[in-house]
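This briefing goes with the chain displayed below. Please keep the sequence and the model in view while reading.

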Amino acid sequence: MSIGRSLLITAGFVGAFALGVWARPHIDTIDMNRVGTRHAANSPSKTAAESRTAEARRVAETTPKARVERVPVSPMSPALHERLQPLLRKGTKMEIAAEGFKSGEQFATLAHASRNLDINFMVLKDRVVTQKKSLVAAIRELKPEANALREAEAARAAAKEDVSGIE
């Protein structure tokens, strides 16, 4: 292959790449829901009822759903302390253990992870609350042989169950 052909092929690839980089933002901004609905509404084989149903479905999909906001349980909640006391070592002062957490669910998650992995709660709390590490990273650091992701998910699930019973 000659140098001229190689240069032409290379220039073609560079041009195609540049065209793709330029066109992507324009393609991403197309609202695919509206395009599909317009096509469905203008289709001669659709009846008026089918068009109205398709339009109603599109509106339902784009309308924000009403969400019930849960009030987060405070980490200082006496009901939460009562549930978590068995997870922590005997003699643990719950007020001190609960300090620094943003929510009761975060407190319960760390309590469950500490119990499940036999990690000192205050050491785990230090890694997550003070050093701002994720629970998974803290577990990996303190118990490298454990499956940190699975253990963190199990602790979160147990914590959600604990907190949901308090609300």
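The model is predicted: local features need pLDDT of at least 70, side-chain atom pairs count only at pLDDT 80 or more, and totals for chains, interfaces and linings use all residues. Residues are numbered from 1 along each chain as its sequence is written, and side-chain values use heavy atoms, with hydrogens and water left out. The chain has nine helices and zero strands.

**Fold and surface**

- From the N terminus on, the order of elements is α-α-α-α-α-α-α-α-α; helices (H or I, at least four residues) and strands (E, at least two) are DSSP runs, numbered from the N terminus.
- Of the 167 residues in the chain, 27% are buried; buried means under 20% relative accessible area, exposed over 50%, and partly exposed in between (1.4 Å probe, protein chains only).
- Among the contacts in the chain with a separation of 6 or more, 51% join residues 24 or more positions apart, where contact means heavy atoms within 4.5 Å.
- The accessible surface of the chain is about 11,900 Å², and carbon and sulfur atoms hold 58% of that surface; the areas come from the Shrake-Rupley method with a 1.4 Å probe, and for residues only the protein chains shown count as cover.

**Confidence**

- Mean pLDDT of the chain is 80, with 72% of its residues at 70 or more; pLDDT is the predictor's confidence in each residue, from 0 to 100.
- Among the elements of the chain, helix H8 (residues 135-142) has the highest mean pLDDT (94), and helix H2 (residues 32-42) has the lowest (48).
- Over residues 30-41 pLDDT stays under 50, and the model has eight contacts beyond four places in sequence for this stretch.
- Where pLDDT is low, the predicted coordinates should not be read in detail.

**Largest pocket**

- The volume of the largest pocket is about 180 Å³.
- A pocket is an open set of points on a 1 Å grid over the protein atoms alone, where a 1.4 Å probe fits, with protein on both sides within 12 Å along at least five of seven lines; lining residues have an atom within 4 Å of a point.
- Grid points are joined across faces, edges and corners, and a volume is the space filled by probe spheres set on the points.
- The lining consists of Leu-87, Leu-88, Arg-89, Thr-92, Ser-114, Arg-115, Asp-118, Ile-119, Asn-120, Phe-121 and Met-122.
- Helix H6 (104-117) and helix H7 (121-130) are the elements that give two or more residues to this lining.
- By class, five lining residues of the largest pocket are nonpolar, three are polar and three are charged; Ala, Val, Leu, Ile, Met, Phe, Trp, Tyr, Cys and Pro count as nonpolar, Asp, Glu, Lys and Arg as charged, and the others, Gly among them, as polar.

**Thr-92**

- Thr-92 sits in the loop between helix H4 (78-84) and helix H5 (94-98), and it counts as partly exposed because its relative accessibility is 24%.
- Leaving out residues up to four places away in sequence, Thr-92 touches Gln-85 and Ala-97.
- Thr-92 and Phe-121 are 29 residues apart along the chain, and their C-alpha atoms are separated by 9.9 Å.

**Residues of helix H7**

- Val-123 is in helix H7; with a relative accessible area of 32%, Val-123 is partly exposed.
- Between the C-alpha atoms of Asp-126 and Ala-138, twelve residues apart along the chain, the separation is 9.3 Å.

**Positive phi**

- Most residues other than glycine have a negative phi.
- Asp-118, in the loop between H6 and H7, has a positive phi near 55°, and it is exposed, with a relative accessible area of 61%.
- Lys-132, in the loop between H7 and H8, has a positive phi near 60°; Lys-132 is exposed because its relative accessible area is 66%.
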